[in-house]
Amino acid sequence: MLATKKGDKVRLFIWAVFLAVTAFIVQHYWRKLALQHRLDAIRAFPFPQSVRMKFRDVRPDLDSAQEQRVFEGLRDYFTMCAQAQGRFVSMPSQVADDAWHAFILHTRYYQDFCNKAFGRFLHHTPAEAMSSQTQATEGIRRAWRLACALEKINPKQPERLPRLFALDGALNILNGFHYDTRCTPGSGSYCASHIGCGSGCGGGSVSGSTDGSCGGGGCGGGGD
C-alpha cells in the first residue's frame with residue numbers, strides 16, 4: 001500500500017514536470033512565432049509618401065536615393081526594437097530620428113504600424129524626459145549589439161559599421177552622430193567597438209519611448 005502511494009506521487013511529479021516543460025515549449029514557440037509576424041510586418045510596411053514629404057521639409061538637401069537609405073535605417077531601428085522585446089534600445093542616428101519624427105506626425109499610419117510591429121503604441125520621449133544617462137548608455141550598447149547581429153558583424157571587432165550607425169556619417173548630416181571602427185583619436189567620432197564604455201561616450205541629449213521599451217538617442221546622440 002505504501003509503495004503504491006509512493007508510486008502515485010512519482011507519477012504525479014513526472015506528469016507535472018512534463019506539463020511544465022510542454023507549457024514552456026509551447027509558450028516559447030508562440031513568442032517566436034509572434035516575433036516573426038512582427039518582423040515581417042516591419043519589413044513589408046511601405047512608408048507613406050506623405051511621411052516622406054514631411055521628412056523632406058526637415059532634410060531638403062537629401063536626394064531620393066539618400067532618403068531611401070534613411071527610411072531603411074529607420075526600418076532597421078524598428079526591427080531592433082521588436083527584437084529587444086521590452087528592453088530599451090537607443091537611436092544612434094540623428095537623420096533616422098528625424099524620419100521617425102515625421103512618421104509619428106501621421107498618427108493613423110503610425111498607430112497602425114505600431115500595432116502590427118510592436119502590439120502597442122511606441123512613444124517618443126524628448127531628451128529632457130530621459131530618466132538617466134545610464135539608461136542611454138545601456139540603450140546604445142544594446143543598439144550596437146542588435147545592429148551588428150542584424151548584419152552579422154562582430155560587435156567587438158567590427159570591420160564596418162552597421163547601416164544605422166553609418167548613416168549620419170555617410171550622408172554628412174550636420175550635427176549628426178558619427179562612429180568610427182578605427183577609433184582614431186581626435187576624429188570627433190564615437191569609437192564603435194567601445195560604445196557604452198563610461199568615459200568613451202560623449203555628452204549630449206537623448207530621446208526615447210515613454211514605456212521604456214525602446215527609445216531614440218543614445219550615448220551622446222539622439223534628439224527630441
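The structure is a predicted model, in which local features need pLDDT of at least 70 and side-chain atom pairs count only at pLDDT 80 or more, whereas totals for chains, interfaces and linings use all residues. Residues are numbered from 1 along each chain as its sequence is written, and side-chain values use heavy atoms, with hydrogens and water left out.

The protein contains seven helices and two strands, where helices (H or I, at least four residues) and strands (E, at least two) are DSSP runs numbered from the N terminus. Along the sequence these elements are arranged as α-α-α-α-α-α-α-β-β. Of the 224 residues, 44% count as buried, a term that denotes under 20% relative accessible area, with exposed denoting over 50% and partly exposed the range in between (1.4 Å probe, protein chains only). Where contact means heavy atoms within 4.5 Å, 67% of the contacts between residues at least 6 apart in sequence join residues at least 24 apart.

A nonpolar core is defined as a set of buried Ala, Val, Leu, Ile, Met, Phe, Trp, Tyr and Cys residues joined through side-chain atoms within 4.5 Å. The largest such core has 48 residues, and those with the most contacts inside it are Leu74, Tyr77, Phe78, Phe113 and Phe118. At least two residues of this core are supplied by each of helix 1 (2-44), helix 2 (49-58), helix 3 (64-84), helix 4 (94-105), helix 5 (107-117), helix 6 (133-150) and helix 7, and the largest share, nine residues, comes from helix 3. Apart from neighbours within four places in sequence, phenylalanine 113 is in contact with Ile42, Phe45, Phe78, Phe103 and Phe118. Threonine 79, which lies in helix 3, counts as buried at 7% relative accessibility. With neighbours within four places in sequence again set aside, threonine 79 is in contact with Leu39, Ile42 and Leu150; the C-alpha atoms of threonine 79 and alanine 41, residues 38 apart in sequence, are 9.6 Å apart in space.

With a salt bridge taken as a side-chain nitrogen of Lys or Arg within 4 Å of a carboxyl oxygen of Asp or Glu, the count comes to nine salt bridges. One of them joins the side chains of aspartate 40 and arginine 43 at 2.7 Å, N to O; because these residues are three apart in helix 1, they are separated by about one helical turn. Both ends of this pair are partly exposed, aspartate 40 with a relative accessible area of 35% and arginine 43 with one of 48%. Glutamate 67 forms a salt bridge with arginine 52, the closest N and O atoms being 3.5 Å apart, and since glutamate 67 lies in helix 3 and arginine 52 in helix 2, the pair ties together parts that are 15 residues apart in sequence. Here glutamate 67 is buried at a relative accessible area of 5%, and arginine 52 is buried at 12%.

A further salt bridge is formed by glutamate 151 and arginine 163, with 3.8 Å between the closest N and O atoms; glutamate 151 belongs to the loop between helix 6 and helix 7 and arginine 163 to helix 7, 12 residues apart. Glutamate 151 counts as buried at 13% relative accessibility, whereas arginine 163 is partly exposed at 44%. Salt bridges with shared partners join Asp76, Glu151, Arg160 and Arg163 into one network.

Aspartate 168, found in helix 7 (residues 163-170), is buried yet has no salt bridge, the nearest side chain of opposite charge being that of arginine 59, 6.8 Å away. A polar atom of the aspartate 168 side chain lies 2.7 Å from the backbone nitrogen of glutamine 94. Not counting residues up to four places away in sequence, aspartate 168 touches Ser93, Gln94, Val95, Ile173, Gly176, Phe177 and His178.

Most residues other than glycine have a negative phi. Lysine 152, in the loop between helix 6 and helix 7, has a positive phi near 55° and is exposed at 77% relative accessibility. Asparagine 175, in the loop between helix 7 and strand 1 (179-180), has a positive phi near 60° and is exposed, with a relative accessible area of 63%.

Terms used:
Lys and Arg count as positive and Asp and Glu as negative; His and the chain ends are not counted. A polar contact is a pair of N or O atoms within 3.5 Å; within protein, one must be able to donate a hydrogen and the other to accept it, and residues adjacent in sequence count only if both atoms are side-chain atoms.
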